[in-house]
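Subject: Structure handover

Hi,

Here is the model I promised to pass on.

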Amino acid sequence: MLRLEGVTVRFGGRTALDAVDLDVAAHEIVCVLGPSGSGKSTLLRVVAGLQRADAGWVLLAGRDQTGVPAHRRGVGLMFQDHQLFPQRDVGGNVAFGLRMRKVARAEQRRTVAELLDLVGLPGAQGRAVTALSGGEQQRVALARALAPEPKLLMLDEPLGQLDRGLRERLVVELRELFGRLGTTVLAVTHDQGEAFALADRVVVMREGRVEQSGTPLEVWQRPATEFVARFLGFDNVVEATVSGEAADTPWGKLPAPAGAAQGPCRLLVRPAGVRLTAVADGLPCAVVGRTFRGNHVALLLQPAGGPRLEAACALRDAPEPGATVGVTFTAEDVVALSGA
Ligand SMILES: Nc1ncnc2c1ncn2[C@@H]1O[C@H](COP(=O)(O)OP(=O)(O)OP(=O)(O)O)[C@@H](O)[C@H]1O
């Protein structure tokens with residue numbers, strides 16, 4: 001459906017996008033994730049036709065979009081601040097794209113009613129958008145973006161302004177809605193929870209380049225680089241030397257990740273793979289911190305030698321700060337990292 005080949009955008013001396021290749025298949029939901037300034041919005045703007053690429057190609061349904069103006073690309077774009085027209089009611093906002101395309105009045109009314117049902121605001125046509133809650137405005141913006149049946153729907157920080165509880169509910173609803181409609185979606189966000197919950201595929205960007213692309217599970221379980229690991233909040237990264245089936249680290253011998261090259265490398269141990277044992281049965285560590293994280297507790301551990309490490313454990317098993325525990329490491333949670 002969408003293909004980017006070597007897309008490069010420069011602003012003066014700054015490279016906002018650096019030879020980006022990206023494919024989005026029909027009906028796929030792809031979320032681009034990355035820190036501020038990594039080029040996410042620029043990527044959307046290039047695909048939408050709001051920003052010219054200095055090099056490379058954007059293809060939609062196989063067609064090169066060079067020189068095709070934004071309104072002829074057949075893509076829908078929903079911005080972070082949803083930009084509803086305050087002087088128009090809900091129906092007027094949703095019908096906007098249909099009016100632009102000179103769709104007959106009766107058909108406009110039918111489509112608007114259908115879409116408002118779909119986004120959970122049945123019968124809201126006559127309400128003033130200024131009287132809606134943030135979440136309701138978000139739904140109206142979504143209905144407006146969906147109305148012209150775009151080939152590709154692009155969302156820029158779609159739920160950015162909403163509070164956490166509402167965001168978590170809406171993201172589930174959105175995924176279900178897009179699945180039902182078969183919408184192809186390219187969304188950008190800096191919120192990893194949102195990206196992982198919404199996407200079929202996550203693309204992590206760093207300084208205008210694609211650092212890793214994979215299913216949410218692949219990226220979560222196997223961050224490819226230290227940058228991705230740290231961006232996802234994994235800080236258990238150490239220097240290691242792989243020799244045979246084991247890796248020598250400041251935390252002792254760890255099981256070497258499957259397929260890791262022999263010799264020096266950097267390893268990530270996912271916190272879920274740090275198992276607590278009796279002191280005598282593992283690497284002795286002092287518990288120096290304990291943070292409640294909702295469905296688990298994050299423990300900060302200080303071994304006698306080597307850097308601190310984080311363990312995730314169930315609330316009922318969490319030792320108190322000041323206690324000493326032993327730790328072992330599960331092989332499937334040790335990941336070899338490449339790059340810087
Ligand atoms: N119109 C512009 N003029 C000059 N520089 C720009 C312009 N737009 C973006 N940039 C620069 O390009 C880089 C990428 O910006 P972009 O907005 O795409 O990042 P982003 O990942 O969307 O960030 P954020 O999450 O903060 O929105 C940044 O260094 C930014 O300063």
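**What I found**

The protein has an average pLDDT of 91, and 98% of its residues reach at least 70; pLDDT is the predictor's confidence in each residue, on a scale from 0 to 100. For the complex, the predictor reports an ipTM of 0.95 and a pTM of 0.88.

Two notes on conventions. This is a predicted model, in which local features need pLDDT of at least 70 and side-chain atom pairs count only at pLDDT 80 or more, while totals for chains, interfaces and linings use all residues. Residue numbers start from 1 along each chain as its sequence is written.

Now the overall picture. The protein contains nine helices and 20 strands; these are DSSP runs numbered from the N terminus, with helices being H or I of at least four residues and strands E of at least two. Its C-alpha trace spans about 75 × 45 × 35 Å along the principal axes. Of the 340 residues, 38% count as buried, that is, with 20 or more other C-beta atoms within 10 Å of their own, C-beta atoms being placed from the backbone.

An automatic or database assignment sets the domain bounds, and here it gives domain 1 (2-225) and domain 2 (229-337). Seven residues from domain 1 and seven residues from domain 2 make up the contact, where a pair counts if the C-beta atoms, placed from the backbone, lie within 7 Å. The centres of the two domains, taken over C-alpha atoms, are 38 Å apart.

The ligand site is the part I would show you next. Around the ligand are Phe 11, Arg 14, Ala 16, Gly 34, Ser 36, Gly 37, Ser 38, Gly 39, Lys 40, Ser 41, Thr 42 and His 190, each with its C-beta atom, placed from the backbone, within 6 Å of it. Strand S2 (14-24) and helix H1 (40-48) are the elements that give two or more residues to this shell, and H1 supplies the largest share, three residues.

Eight of its nine residues are buried, so the helix is largely enclosed by the rest of the structure. Lys 40 and Thr 42 are among these buried residues, together with Leu 43, Leu 44, Arg 45, Val 46, Val 47 and Ala 48. After H1 comes Gly 49, with a positive phi near 90°.

Best wishes

Definitions and conventions. A residue is buried if 20 or more other C-beta atoms lie within 10 Å of its own, exposed if 12 or fewer, and partly exposed in between; C-beta atoms are placed from the backbone. Two residues are in contact if their C-beta atoms, placed from the backbone, lie within 7 Å.
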